[in-house]
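Please open the model in a viewer and keep the sequence panel beside it. The tour below goes from one selection to the next.

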Amino acid sequence: MSNYALILAGGSGTRFWPLSRNAKPKQLLDLFGKGTMLRQAVERVGGLVPAENIFILTNHLQEAEVRRQVPEIPAENIVAEPARRDTAPAVALGIGLIAARDPLANMIIIPSDSLILDDSAFRSLAEDALNLAGREAALITIGIKPTWPCPSYGYIERADKLNAPGLTHDCYEVVRFREKPDAATAESYLASGNFTWNAGMFIWNVAYACAQLAIHAPELVDFICRLTQADDRQAFITTEFPTLTPISIDFALLEKADRVLNFEATFDWDDVGSWISVGKYLPTDEQQNAANAPLNALNSARNIVFSDSGKRVALVGVDDLIVVDTGDALLVARKDCADDIKKIVAQLPENLV
């Protein structure tokens, strides 16, 4: 069976303003000096499947930049969703595009905006999962071992370890998916030791996924079937995709599926949800100021400084700030207000979003 990869590369550019914009959100930025997150994602799965088997879903605002950043991906494999319809319709679109090539293919789905530094460990686990998908009637997830009781992630509850020959990584039967918990519940999940964070990485056989969609999400499998048979697929996507019901792939399929398996990631992972996350990967001085640019700090500590021009920044008598400088905008925010940055974007002139 052939293997394919689907990279989800849509989203808005609000959390990392002013560096990110609607046409250039987080995954299209080089935040760490290692290439953009999309570029890293393509290279990561490129070790698993050939470039012609990689599909990327984006939107019209970001399509041109996506194509510019990954010229090795065939033009027809980069598809702009004509409307925002959440992850289940997006995944169904990807399944349809792959099924049109090979209805028996195995596929891996990953977001483009997660930071993974150990690509070799990722590929080792993903190879296990793809091989398992070809012989087990199950939907497979990759989860992250919780390091703290985070209330902002979904959780996957696991049961017995799978007894399957040939695996080099442990795999478990899934009991159920748990939505974002309150703090006390998250503490209990962490203490139990049988939960992983849901990182939005999935592996399955196309035929099995379609069979499960037929049971649990018939609207989506109908869309997939008609897409594979369409004479003009782009025209079909343009007219039919916007009619699909917006729903996440967790709600539409995974929480209802007959059987789900879970691998616990053996690689590092960070969803890089805010400038706070970026600060963890920038050079840090003795006052714990993190910066990607030349920095002089006097009586200033624990600040995050990012300049896309590399200009020198001076801080005097300030603590716990986020300072981001671009050619046309400057952000100064308290670190404990990082999640509110997306709110200020709604008040900005159109040319700055």
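**Before selecting**

This is a predicted model, in which local features need pLDDT of at least 70, side-chain atom pairs count only at pLDDT 80 or more, and totals for chains, interfaces and linings use all residues. Residues are numbered from 1 along each chain as its sequence is written, and side-chain values use heavy atoms, with hydrogens and water left out.

**Whole chain**

Select everything. Along the principal axes, the C-alpha atoms of the chain fill a box of roughly 60 × 50 × 35 Å. The radius of gyration is 21 Å, which agrees with the value near 20 Å that a compact globule of 353 residues would have. That radius is taken over C-alpha atoms, and the globule rule is 2.2 Å times the number of residues to the power 0.38.

Colour by secondary structure to find 11 helices and 15 strands. Helices (H or I, at least four residues) and strands (E, at least two) are DSSP runs, numbered from the N terminus. Of the 353 residues, 53% are buried. Buried means under 20% relative accessible area, exposed over 50%, and partly exposed in between, with a 1.4 Å probe and protein chains only.

**Helix α3**

**Second largest pocket**

Which residues are closest to the centre of the second largest pocket? This pocket has a volume of about 200 Å³. Of its 14 lining residues, Glu76, Val79, Leu97, Arg233 and Gln234 are closest to the centre. Two or more lining residues come from each of α2 (63-69), β3 (78-81), α3 (87-101) and α8 (233-240).

On a 1 Å grid over the protein atoms alone, a pocket is an open set of points where a 1.4 Å probe fits, with protein on both sides within 12 Å along at least five of seven lines; lining residues have an atom within 4 Å of a point. Grid points are joined across faces, edges and corners, and the volume is the space filled by probe spheres set on the points.

**Backbone angles**

Most residues other than glycine have a negative phi, and most peptide bonds are trans. Select Trp17 and Pro18: the peptide bond between them is cis, with omega near 10 degrees. Pro18 is in the loop between β1 (3-8) and α1 (37-46).

Next comes Val272, in the loop between β9 (260-264) and α10 (275-279). Its phi is positive, near 45 degrees, and Val272 is buried at 0% relative accessibility. Then select Asn299, between β11 (295-298) and β12 (304-307). Asn299 has a positive phi near 50 degrees and is exposed at 61%.

**Cysteines**

How many disulfides are there? With a disulfide taken as a pair of cysteine sulfur atoms within 2.5 Å, the count is zero. For Cys225, the nearest cysteine sulfur is that of Cys210, 6.3 Å away. Cys225 is partly exposed, at 38% relative accessibility.

Last, select Cys337, which is also partly exposed, at 22%. The closest cysteine sulfur to that of Cys337 is in Cys150, 19 Å away and too far for a bond.
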